[in-house]
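Here are a few notes to read alongside the model. Keep the structure open and follow the points one by one.

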Amino acid sequence: MKVKMWGVRGSIPAPGPRTVRYGGNTTCIEVRSDDDSLVILDAGTGIFPLAQSLLARLPVQANIFITHTHWDHIQGLPFFVPLYIPGNQVCIHGAFDLVSMQGIEQVMNVQLQYSYFPIREAELKAGIEYVTLTIGESVNIGDARVTPVLLNHPVTDLGYRIECNGKSLFFTGDHEPWLNIYAPEDDEYAEYQAMVEQRQAELDAAIGPVDLLIVDTAYTQAEYPQKIGWGHGTYDTAIAMARRIGAKRLLCTHHEPTRSDDDLEKVFAEALARHPDPGCEILLASEGLEIVL
Amino acid sequence: MPQLSPELERRLTTAVDRMPAFPKSVQTVLEMTRNINCLPKSLVGVIEKDPVMTMKILRVINSAYYGLPNKISSVGQSVVYLGINTIKNLALSFAAVGILPRFNTAGFDVQRYLLHSLTVGSVARLLCEKYARSEADPGDCYVAGLLHDFGKVVFAQYMSAEFIQALGIATDSGKPLHVAETEVIGADHAYVGALLAKKWQFGAALVDCIRDHHALDVEPTPMLDCLRMADAICRKHAFGDSGNPWRDEELAQLPTRFGADLEAVVAALGDLNKHVEDARAFAQIGTEG
């Protein structure tokens, strides 16, 4: 299985000289299974350069898995050029939205409206299929198996575990570890804490040991108290997750958009210094980074 | 077993989508959610006091659409799974339906009903903590208390003519309300509440409690015992009004795990006034309620 990072920035694209080494595109990850089946995790702006790379070999059969429908994870979708070429097949997978009571089919419909984009969904030429996923139910893509896992974000966020011939990876999408909404002195604290711990244990079991764990590390430990409830993790919470589940390698992504390359390396080094024995290899995600499992 | 016609069953099920929530929770949810720094625990504290909002959240989260492997039985647990922002937006969508009028065409006072539901929930939780801590979950007992009479508000809202008749029979003849409902409607509020809860895939223990809270011939469970005892305490002490006046002969039918003396159980629970006053404030009724 091969993994290539096409977008590693969180929230909003951050192009420019300050981010040129790690990249400014928002989330998009290409995963190739051993039989070369294509799984694309998220459709942030990184999906645009990925699309260019696919055009050399038509027809394209792409399986896009959306972790959640916030803009930085979907805004590249209308620019996924294979959608406009007859003969291609694009299957878009994602979660059911409990507030709008709609499946993932709304993701393009919402974006391709007259006021916001010049092309209507009906004008796309590729074969397009939508699959609204059920939590915990795996989908087979070629020789890979993709399993959606529910995480914690201000909108439904599915993380994906991908397995192929004994190798495995997990991508969180955006995830903030659960916090107790009550103060220790509140009557409800203990009951809620028990639910949080149960939920954390369920998640760890669902992710399981993996060869590669790709995690949202938008914030530093020092920044986090100002960002509680925003739905993102820190380097420290990602390292703790990697240790709990027994990950062999941890890839930190969803970099905060105002963070320059130099700042990114600085806060990453500080995090590593706090965890001298993390139990796994830890890397910062950068555009173009390729990992073979 | 009571039977509802498929048409009536369909009508009641879909009607709940349009059912407004209670005034205090609607107002408070609208106010709180204007503040970006609204505390999650404050929002949860409001939603979990409203039977309509609680029912709707449990319905959504347990739906097959979502496919969670475990049944979710409380608002707090729903927050852990969905996150506070999704719960907030669901609550806003429920608030947008409007508010239940205090007196509907059935003449059923929904705010006194709410006071009854809230106090039964609180007392059921206290009973569980004191008498059944290792056998049942206090939070689940609270939800069972809050939702046990949900069928009544469905009747009041959507079968008002029949429900007026049943309320009248219960008041005039001394028959239990659920018996009068079965005579008039063909099914009682417990059956209808459980029917909806089952259809919406709530946990089996909660469905059974709603269905069996007036049934004397079923095998008791710790949660059902706490619910039935709490219902008896609140009706005997007139905490709110469920439309089902207390009858002294019910004393002989109470669950045995609490002993024979209802007032001794009330005394053992400590001061219930705080719980009743909190519930009154939420139900927006004064001490006459």
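**Notes on chains A and B**

1. A quick word on helix 4 of chain B and helix 5 of chain B: their crossing is left-handed, where left-handed is the term if the near helix is turned anticlockwise from the far one by less than a right angle, and right-handed if clockwise. Helices here are DSSP runs of H or I with at least four residues, strands are runs of E with at least two, and both are numbered from the N terminus.

2. Before going on, bear in mind that this is a predicted model: local features need pLDDT of at least 70, side-chain atom pairs count only at pLDDT 80 or more, and totals for chains, interfaces and linings use all residues. Residues are numbered from 1 along each chain as its sequence is written, and chains are lettered from A and ligands numbered from 1 in the order in which they are written.

3. Back to that helix pair. The axes of helix 4 (residues 51-61) and helix 5 (residues 75-82) of chain B come within 10 Å and cross at roughly 40 degrees. The two helices are therefore oblique to each other (under 35 degrees is roughly parallel, over 145 roughly antiparallel, 65 to 115 roughly perpendicular, and the rest oblique).

4. Who touches whom? On the helix 4 side of chain B you'll find B:T54, B:I57 and B:I61, meeting B:V75, B:S78, B:Y81 and B:L82 of helix 5. Contact means C-beta atoms, placed from the backbone, within 7 Å.

5. Now have a look at helix 12 (residues 189-199) of chain B. Of its 11 residues, 9 are buried, so this helix is largely enclosed by the rest of the structure. Buried means 20 or more other C-beta atoms within 10 Å of the residue's own, exposed means 12 or fewer, and partly exposed is in between. Among the buried ones are B:H189, B:Y191 and B:L196. Their cover includes helix 1 (6-15), helix 8 (138-147) and helix 13 (204-212) of chain B. Just after helix 12 of chain B, B:Q201 has a positive phi of about 65 degrees.

6. Over in chain A, there's an open sheet of 7 strands, in the order 6-5-4-3-2-1-14, with mixed pairing. Its edge strands, strand 6 (127-132) and strand 14 (290-292) of chain A, each pair on one side only. Two strands pair if DSSP finds at least two bridges between them.

7. Which residue is the bridge partner of A:R32 in strand 3 of chain A? That's A:L38.

Key:
Axes are lines fitted to C-alpha atoms, for helices over the stretch in contact, and angles run from 0 to 180 degrees between N-to-C directions. Two residues are in contact if their C-beta atoms, placed from the backbone, lie within 7 Å.
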